[in-house]
Amino acid sequence: MHAWLCENPVGVEALQWKELPTPEPKAGEVRVAIRAASLNFPDLLIVQNKYQMKPPLPFVPGSEYAGTVEAVGEGVSHVKVGDAVAAFAGTGGFATHAVVSAALVMPLPEGFAFDDAAAFVLTYGTTHHALVDRAALKAGETLLVLGAAGGVGTAAIQIGKVLGARVIAAASSDEKCALCRDIGADETINYATANIRDELKRLTGGKGPDVVYDPVGGDLAEPVFRSIGWRGRYLVVGFAQGGIPALPWNLALLKGASIVGVFWGDFARREPKAHAAALTELAKWYAEGKIKPVIDQRLPMRELPAAYARMGSRQVRGKLVMING
Ligand SMILES: NC(=O)c1ccc[n+]([C@@H]2O[C@H](COP(=O)([O-])OP(=O)(O)OC[C@H]3O[C@@H](n4cnc5c(N)ncnc54)[C@H](OP(=O)(O)O)[C@@H]3O)[C@@H](O)[C@H]2O)c1
């Protein structure tokens, strides 16, 4: 097998494409021949030692992938050799093969493409948890999505529309805004050129959005929180801009508004039944054609550094997917 090995987490440039012995699965594990693996923001942080999870060295990055089961260890019963599966394992995906705990592997429903499956669980799982579970977004409410052309942002536009919300997508360029409209956003705001507070006032008739989905953080958060509607819910999803916002608490009081944390990884671990139910609903929406990952580019696995560079320079529109074969 071949894999992108991280022996020294000082950045993407230290990753090396290496030939390694193909591992055999132990009891409770499976070996997956990887067909596709997607790039998520934490994959960028983890190779720089900036992510909350710090795997023992050396490790293979790549949190999310899909492929075919090639071997199963003792005691594995829910998948068998030849099954198409998706895995969310935190690491291991930027390779030709991975051995992973069977508990982290789920069989793919008929008709689920490998590239879509590799770009699905984290972005849509996070967003379902955020909008349905944490914000209780209702039909007819207004949802503002920041960083809306990115991985979780594009999922938020699509799920917002499935739930019947009016979606305002905000991003940093006209090209990104155009993509957001193509996938269903009702309105867009280019926050690199427009004043986001003025635009929100105009687009909501002064009321402000009911729910804000924020994977960006930094200096956008305070002005947007000042614009939120009465009983608004501000979803803290991530800090792609780097800065962690600090808000004056009186703003929450004045709007009867809530700051709502979203931590999908812990939700999946702590509440496995609710997580499984969310994935079942998402798979149904996918089969019905209501949601579909927006794939920016499909690149050969060997070109991982180019994919990382695209994500690091804020160019990705939707998801980058690395392909084997
Ligand atoms: N809470 C959870 O459970 C959870 C789960 C998944 C992901 N996340 C977090 O959500 C965030 C987004 O993840 P993603 O996979 O959707 O990433 P992504 O595809 O790269 O999207 C991030 C967006 O953030 C914006 N951005 C602003 N400043 C940036 C900067 N300096 N560098 C890069 N992007 C910047 C970009 O949009 P514009 O150019 O339009 O501003 C970009 O499209 C990350 O912080 C990730 O860790 C959290």
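A residue counts as near a molecule if one of its heavy atoms lies within 4 Å of that molecule. Keep that cut-off for the first stop.

This is a predicted model: local features need pLDDT of at least 70, side-chain atom pairs count only at pLDDT 80 or more, and totals for chains, interfaces and linings use all residues. Numbering runs from 1 along each chain as its sequence is written, and side-chain values use heavy atoms, with hydrogens and water left out.

**Stop 1: the ligand**

Select the ligand and its shell. 23 residues surround the ligand. The closest are Gly151, Ser172, Lys176, Tyr191 and Val262. By class, the shell holds 14 nonpolar, seven polar and two charged residues. Here Ala, Val, Leu, Ile, Met, Phe, Trp, Tyr, Cys and Pro count as nonpolar, Asp, Glu, Lys and Arg as charged, and the others, Gly among them, as polar.

Now show the polar contacts, pairs of N or O atoms within 3.5 Å. Start at Tyr191: a polar side-chain atom sits 2.6 Å from an oxygen atom of the ligand. Go to Val262, where a polar backbone atom is 2.7 Å from a nitrogen atom of the ligand. Then pick Phe41: a polar backbone atom there is 3.3 Å from a ligand oxygen atom. Switch to surfaces. Taken alone, the ligand exposes 900 Å², and the protein buries 90% of that (Shrake-Rupley method, 1.4 Å probe). Colour helix H3 (121-134) and helix H4 (151-162), the elements that give two or more residues to the shell. Helices here are DSSP runs of H or I with at least four residues, strands are runs of E with at least two, and both are numbered from the N terminus.

**Stop 2: the cysteines**

Select the cysteine sulfurs. How many disulfides does the whole structure hold? The search finds zero, taking a disulfide as a pair of cysteine sulfur atoms within 2.5 Å. Zoom in on Cys177. Its closest cysteine sulfur is in Cys180, 5.9 Å away, which is too far for a bond. Cys177 is buried at 3% relative accessible area. Cys6 is also buried, at 1%. Buried means under 20%, exposed over 50%, and partly exposed in between (1.4 Å probe, protein chains only).

**Stop 3: backbone details**

Move to the loop between helix H1 (41-46) and strand E4 (64-72), and pick Pro58. The peptide bond from Leu57 to Pro58 is cis, with omega near -10°. Asn49 also lies between H1 and E4. Its phi is positive, near 60°, though Asn49 is not a glycine. Asn49 is partly exposed, at 40% relative accessible area.

End at Arg314, in the loop between helix H11 (304-312) and strand E15 (319-323). Arg314 has a positive phi of about 70°, again in a residue that is not a glycine.

How values were computed: A polar contact is a pair of N or O atoms within 3.5 Å; within protein, one must be able to donate a hydrogen and the other to accept it, and residues adjacent in sequence count only if both atoms are side-chain atoms.
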